[in-house]
Amino acid sequence: MKDSNECKLPHILTQTQHEVLIGGLLGDFCLTKEGKYPRMKVDRQALDKTYIDWEYNIFKNLCKSGVKEFERYDKRYNKSHKYVSFRTRLVPAFLSYHNEWYPNNKRQVPENIQFTPLILAVWFADDGCIMNPQKNILTIKLSTESFGK
């Protein structure tokens with residue numbers, strides 16, 4: 001007998017979902033395999049509520065509930081911070097992405113990755129910044145510290 005998620009949830013993402021997922025996996029998204037299929041998770045600081053609402057709307061057909069708000073205590077600074085997050089259900093369509101991005105259960109960028117403007121925009125929105133160390137010279141930075149060579 002098939003899993004109920006297997007019957008209800010897609011085995012293929014839309015093109016927009018695919019591109020936002022790839023950009024998000026380069027940034028702040030996480031796929032966790034819980035049983036047969038993975039789920040996608042993302043947490044952001046509460047200041048990014050508008051952005052996470054945009055992301056949620058792209059994946060809302062894969063979610064049971066909406067964006068949640070919560071506080072997390074950071075003992076390094078003895079302070080609580082407000083966050084927003086959403087989780088998808090366990091989705092068959094995520095299985096091939098999980099297998100490609102998490103070989104040996106450690107996230108790595110696939111060698112065959114192809115970039116689109118939307119993938120790059122999501123990656124930049126997650127982990128990019130524009131710096132102006134010298135007047136009239138802007139520098140764009142993408143954080144890649146969480147990935148190996």
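Figure 1. Read along the sequence, the pattern runs α-α-β-β-α-β-β-α-α-β-β. That gives 5 helices and 6 strands, where helices (H or I, at least four residues) and strands (E, at least two) are DSSP runs numbered from the N terminus. What you're looking at is a predicted model, in which local features need pLDDT of at least 70, side-chain atom pairs count only at pLDDT 80 or more, and totals for chains, interfaces and linings use all residues. Residues are numbered from 1 along each chain as its sequence is written, and side-chain values use heavy atoms, with hydrogens and water left out.

**Figure 2. The whole protein, boxed up.** Taken along the principal axes, the C-alpha atoms fill a box of roughly 65 × 40 × 30 Å. The accessible surface comes to about 9800 Å², and carbon and sulfur atoms hold 51% of that; such areas come from the Shrake-Rupley method with a 1.4 Å probe, and for residues only the protein chains shown count as cover. Of the 149 residues, 37% are buried. Here buried means under 20% relative accessible area, exposed means over 50%, and partly exposed is in between (1.4 Å probe, protein chains only). Among contacts (heavy atoms within 4.5 Å) with a separation of 6 or more, 61% are between residues 24 or more positions apart.

**Figure 3. A look into the largest nonpolar core.** In soluble globular proteins, nonpolar side chains tend to be buried together. A nonpolar core is a set of buried Ala, Val, Leu, Ile, Met, Phe, Trp, Tyr and Cys residues joined through side-chain atoms within 4.5 Å. The largest one here has 30 residues, and those touching the most other members are Leu-21, Phe-29, Leu-31, Met-40, Phe-59, Phe-86 and Phe-94. Two or more residues of this core come from each of α2, β2 (37–45), α3 (49–59), β4 (79–87), α4 and α5 (117–127). Zoom in on Phe-59: leaving out residues up to four places away in sequence, Phe-59 touches Gln-17, Val-20, Leu-21, Phe-29, Met-40 and Phe-86.

Figure 4. On a 1 Å grid over the protein atoms alone, a cavity is a set of points where a 1.4 Å probe fits but cannot get out, while a pocket is an open set with protein on both sides within 12 Å along at least five of seven lines; lining residues have an atom within 4 Å of a point. Lining the pocket are His-18, Ile-22, Ser-96, Tyr-97, Glu-100, Trp-101, Pro-110, Asn-112, Ile-113, Gln-114, Thr-116 and Ile-119. Helices α2 (15–26) and α4 (95–101) each supply at least two of the lining residues, and α4 gives the most, with 4. By type, the lining divides into 6 nonpolar, 5 polar and 1 charged; Ala, Val, Leu, Ile, Met, Phe, Trp, Tyr, Cys and Pro count as nonpolar, Asp, Glu, Lys and Arg as charged, and the others, Gly among them, as polar.

Figure 5. His-98 sits in helix α4 and counts as buried because its relative accessibility is 6%. Setting aside residues up to four places away in sequence, His-98 touches Leu-31, Lys-33, Pro-38 and Asn-105.

**Figure 6. Phe-124 on helix α5.** Phe-124 lies in α5 and counts as partly exposed because its relative accessibility is 28%. Which residues does Phe-124 touch, not counting those up to four places away in sequence? They are Cys-129, Ile-130, Ile-140, Lys-141 and Leu-142.

**Figure 7. Lys-68 at strand β3.** Lys-68 is found in β3 (residues 68–74), and with 47% relative accessibility Lys-68 counts as partly exposed. Apart from neighbours within four places in sequence, Lys-68 is in contact with Tyr-83, Val-84 and Ser-85.
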